[in-house]
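Hello,

Here is the structure we spoke about handing over. My notes on it follow below.

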Amino acid sequence: MMKFSSLLVLFFIFLIALAQLRVGFYSRSCPQAETIVRNLVRQRFGVDPTVTAALLRMHFHDCFVRGCDASLLIDSTNSEKTAGPNGSVREFDLIDRIKAQLEAACPSTVSCADIITLATRDSVALAGGPSYSIPMGRRDGLVSNNVDVALPGPTISVAGAVSLFTNKGMNVFDAVALLGAHTVGQGNCGLFNDRITNFRGTGRPDPSMDPALVSRLVTMAGRYALLRQTRGVVARYANNNAFFKRQFVRAMIKMGAVDVLTGRAGEIRRNCRRFS
């Protein structure tokens, strides 16, 4: 009963947070905001298509620590940026370029938190993912400490990962959708399992494959095949791409509303790397 009550509280907190955000938030205060973000992300994607993976990682790492408040962007000796899990986060310069153009067009109006969210959304579409509208109105946080960073590592169990998402007001469908898209381009074991275990019905691996690679894939596929908590969800996504895209959009919108600051809370930074 206690666990159910906690989940119910988290659900209502999420609904309240989402209600405080809205699509078209900058339509009057900075009508060109989304166009500016989209154009700069498109330019960067033209140079380096892996920007999509980088921004997805940035968005995830920001939202799961103190909420979506751009606290990850702060430069200091003990900020979130200095924590081990964030050592591989990149594209801070892109956020800086977007912020500079937005400040020139609409000073002290568009938050760094909303910039991360919009840039990530636009990069997903450029990579062939779904296009979607997402509510805006986040404000930037006033705290960034590396000791607060507690993110799921590569060795976390499925149960542990799902629990982490549940604690943020999300569910197993959200967890699988977001973690599956976290590393763009990673294949599903089911797509090649026959080549490593039963090539053309022989009961043996494909002889054209590197034996060392086969051994690694067998180990990986075997390990992930035991993760029964999410196996059904993974199968549904693998068999229905349209369903995956719908769920991915829902998950991104939900993640973008995690513990957001709105109204008079927080601030609107003029420089995303420093508190104002």
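**Aromatic pairs**

Searching the whole structure, which is a predicted model, turns up 9 aromatic pairs. One of them joins phenylalanine 60 and phenylalanine 64, whose rings are stacked, with 4.6 Å from centre to centre and 20° between the planes. Both partners are on the inside: phenylalanine 60 is buried at a relative accessible area of 3%, and phenylalanine 64 is buried as well, at 4%.

Tyrosine 237 and phenylalanine 244 make another pair, with ring centres 5.3 Å apart. Their planes stand at 75°, and the cut-off for edge-to-face is over 60 degrees, so this pair counts as edge-to-face. Tyrosine 237 has a relative accessibility of 8% and is therefore buried, the limit being under 20%. Phenylalanine 244, with a relative accessible area of 22%, is partly exposed.

**A charge over a ring**

Phenylalanine 92 has a lysine over its face: lysine 81, at 4.2 Å from the ring centre.

**The surface patch**

Which residues make the nonpolar surface patch of about 240 Å²? They are Leu142, Val143 and Phe275. Valine 143 is placed in the loop between α5 (residues 112-126) and α6 (residues 158-166). With a relative accessible area of 30%, valine 143 is classed as partly exposed.

**The chain as a whole**

The chain has 11 helices and 0 strands. Read from the N terminus, the order of elements is accordingly α-α-α-α-α-α-α-α-α-α-α. The chain has 276 residues, and 43% of them count as buried. Its accessible surface is about 14100 Å², with 57% of that belonging to carbon and sulfur atoms.

As for contacts, consider those between residues at least 6 apart in sequence: 78% of them join residues that are at least 24 apart.

**For a quick look in the viewer**

- Stacked rings: phenylalanine 60 with phenylalanine 64.
- Edge-to-face rings: tyrosine 237 with phenylalanine 244.
- Lysine over a ring: lysine 81 on phenylalanine 92.
- Nonpolar patch: Leu142, Val143 and Phe275.

Regards

Note on methods. Residues are numbered from 1 along each chain as its sequence is written. This is a predicted model: local features need pLDDT of at least 70, side-chain atom pairs count only at pLDDT 80 or more; totals for chains, interfaces and linings use all residues. Side-chain values use heavy atoms; hydrogens and water are left out. Patches are made of residues with over 30% relative accessible area and no salt bridge: like charges are joined within 9 Å, nonpolar side chains (Val, Leu, Ile, Met, Phe, Trp, Tyr) within 5 Å. Accessible areas come from the Shrake-Rupley method with a 1.4 Å probe; for residues, only the protein chains shown count as cover. A salt bridge is a side-chain nitrogen of Lys or Arg within 4 Å of a carboxyl oxygen of Asp or Glu. Helices (H or I, at least four residues) and strands (E, at least two) are DSSP runs, numbered from the N terminus. Buried means under 20% relative accessible area, exposed over 50%, partly exposed in between (1.4 Å probe, protein chains only). Contact means heavy atoms within 4.5 Å. Rings of Phe, Tyr and Trp (its six-membered ring) pair if their centres lie within 6.5 Å; planes under 30 degrees apart count as stacked, over 60 as edge-to-face and the rest as tilted. A charge sits over a ring if NZ of Lys or CZ of Arg is within 6 Å of the ring centre and within 35 degrees of the ring normal.
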